[in-house]
Amino acid sequence: MPMNMTQKLIKSHLVSGEMIPGEEIGLKIDQTLTQDATGTMVMLELEAMGLERAKTEASAQYVDHNLIQVDNKNPDDHLFLQSATRRFGIYFSKPGNGVSHPVHMQRLAKPGKTLLGSDSHTCANGCMGMLAMGAGGIDVAMAIAGQPFYVKMPKVWGVKLTGKLPDWVSAKDVILEMLRRHGVKGGVGKVIEYYGPGVQTLSAMDRHVIANMGAELGATGTVFPSDEEIKRFLIEQGRENDWSPLEVDEGATYDIDEELNLSEVVPLIAKPSSPGNVVPVSEISGTPIYQSYIGSSANPGYRDFAIAAEIVKGKHIADGISFDINPTSRQMLTDLVKESHIASLLQAGARLHQAGCNGCIGMGQAPATGRNSLRTTPRNFPGRSGTREDSVFLCSPETAAASALTGVITDPRTIGIPYPKVQEPANPTIDEKLLDEPLPYEKAKEVKLHKGPNIASIPSMDELPDSLELPILLKMGDNISTDEILAGGARVLPYRSNLPEISKFTFEIIDRTYYTRAKETGNHAIIGGFNYGQGSSREHAALAPRYLGLRVAIVKDFARIHWQNLVNFGVLPLTFVNEADYDNLEQGDVLELKDIKSKIQNGNEITITVKGKNNEIKVKHLLSSRQIEIVLSGGLINWVKANHVGQNA
């Protein structure tokens, strides 16, 4: 039977389950990716499992988020991560080497392989003909220990690309067009597969841009073919032997079909405060800006910086504009320097920052209060920039550079210059030092973990009780992001390995009283709307509320990764059978759940009583039998210990 590319990748890695959409499947994981905001917890989990050595083909730990060193916390944790990678046989990328996703693409990504990362934008490496997925840290720890990754079999959404992008329009506008059409939950439960003649007009890094922001659609992953362009890219990186072809079979079908004519795409922009709030740039041209920011994993390519440099070359940015340049890898920065593009940017008034995630995750470059920030980053959730009441727009490098010159949001087609034609360097830099190689096993065994004073062990979690009375501490609306549940940024992420401290920031963007009330109340529930937990894969957004007593989350529906993270830490995730019941619950109501264990083991519906109101609501769960065991155990850590997973590996 003819297969599409996603089916080929899944079939070749399937270890359990059937390829029926919605059914749980287990997949062999070839590679893993962790970054420092999530990897510290992963390394502590590997230590707790008693793992001797990573069992994947390649696992890499990147330091790209927590680069600001205002005290000892971040550098101490960098040393911990370096020691842990040496101990467990994992590649290590030092601070300043670059953002995990483009660096992984340059040095380790292989067509035909699976990649699991504790960062939601891991899907970016689907540009290389991989099945690349984001997950919570403990799922990645399990994969490093050689265990399968469990996920609901996705539908495959085929997007046939035709035509060719016109001048002043680039790959960022393509993914913004997908978000304009489908919103931030359009890809939930799906892998987006791009094929067709238009793909051949897109470079490997163009594909990275599109695949990266599949996360903003809520997709499980994004898959592009591995064709002559990917072969060219790997040859350029000195890795020709890592190439293998991946194409859709003639006659293969998709669960969902769509066509996108690249020739018809126009410059687009996502308005505050959602990546799905997309309109043509021309619709809001003239809006004043304070900041124009180029970089991040969502626009990481050489041409993304070079095109901006060519646009501003010989000119100067508008008065009062902060023009922030955030290179995405040391290797790419070297080429930009060689080709004089950095000089053009600096002479135009740009501010150059180190290679890393930086302002994308709220680590510096925060905008001023009440001012508009124009960014090529993937997300503009409230407060993510580091400014509590921010106003962030998402756009292409062309739009960002044109707007930096004018001081207002500007359609780049209107600035009156010919579209610059950027050429890749004739002899691009190959920096093999972006990753430290794993130590041989005999040397690795001798390495001691370096633990600074900011690292705290994960407290033990109790099993799920059979009966609960739970006050509703928060009632929230739709599209609550993990940034709103537990913020990123320079104030919060340095406590990523200290659960008692990081929990103090839980839900502060929504309700600053939550932490105090949760500490006073203990066990409790929260209520939410559609797409609860969208965005980052950081498991702290599930772990910190659980530490503060969250036992049950009832929403209209969940984002995939956060739903799994709740399961992993013993929080029971439930959805309304009748969505109208959302309106019948208020913050402060007390929910009564009885015979929980037998009810979730013997069916998927539970009736909950609202105490003192003579009111009942029906809820359901979508847990597999394996996940039921995990929730009843109080989380995956308890389940791992009970089943001796990874010990003496």
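1. Let's start with Arg 551, which sits in strand E22 (residues 550–555) of this predicted model. Is Arg 551 buried or exposed? Its relative accessibility is 1%, and with buried meaning under 20%, Arg 551 counts as buried. For the side chain, have a look at Glu 463: its backbone oxygen lies 3.2 Å from a polar side-chain atom of Arg 551. Glu 463 also turns up among the contacts of Arg 551 once neighbours within four places in sequence are left aside, and so do Asp 462, Leu 464, Pro 465, Asn 523, His 524 and Arg 546, among others.

2. On to the cores. The largest nonpolar core has 107 residues, and those with the most contacts inside it are Met 43, Leu 46, Tyr 532, Ile 554, Leu 591 and Ile 608. Apart from it there is another core, this one of 89 residues, including Leu 176, Phe 323, Ile 342 and Leu 374. As background, nonpolar side chains in soluble globular proteins tend to be buried together.

3. Which residues does Ile 554 touch, leaving aside its neighbours within four places in sequence? The contacts are Ile 526, Ile 527, Gly 528, Leu 574, Phe 576, Leu 591, Ile 608 and Val 619.

4. Helix H3 (residues 73–88) passes a quick geometry check: at 1.5 Å a residue its 16 residues should span 22 Å, and the end C-alpha atoms are 22 Å apart, so the two agree. After H3 comes Gly 89, with a positive phi near 75 degrees.

5. Strand E15 (residues 291–295) is largely enclosed by the rest of the structure, because five of its five residues are buried. Both faces are covered, with Gln 291, Tyr 293 and Gly 295 on one side and Ser 292 and Ile 294 on the other. From E15 the chain crosses through helix H9 (residues 302–312) to E16, and this β-α-β crossover is right-handed.

6. Last, the pairing of E15. It runs parallel to strand E16 (residues 322–326), joined by five bridges, and Gln 291 has Ser 322 as its bridge partner there. Strand E18 (residues 372–375) is also parallel to E15, with three bridges; here Ser 292 is partnered by Leu 374. Leu 374 is also one of the residues in the 89-residue core.

Definitions and conventions: Residues are numbered from 1 along each chain as its sequence is written. This is a predicted model: local features need pLDDT of at least 70, side-chain atom pairs count only at pLDDT 80 or more; totals for chains, interfaces and linings use all residues. Side-chain values use heavy atoms; hydrogens and water are left out. A nonpolar core is a set of buried Ala, Val, Leu, Ile, Met, Phe, Trp, Tyr and Cys residues joined through side-chain atoms within 4.5 Å. Buried means under 20% relative accessible area, exposed over 50%, partly exposed in between (1.4 Å probe, protein chains only). Contact means heavy atoms within 4.5 Å. Helices (H or I, at least four residues) and strands (E, at least two) are DSSP runs, numbered from the N terminus. A polar contact is a pair of N or O atoms within 3.5 Å; within protein, one must be able to donate a hydrogen and the other to accept it, and residues adjacent in sequence count only if both atoms are side-chain atoms. The expected span of a helix is 1.5 Å times one less than its number of residues. Two strands pair if DSSP finds at least two bridges between them. A crossover is right-handed if, with the strands pointing away from the viewer, the path from the first strand over the helix to the second runs clockwise.
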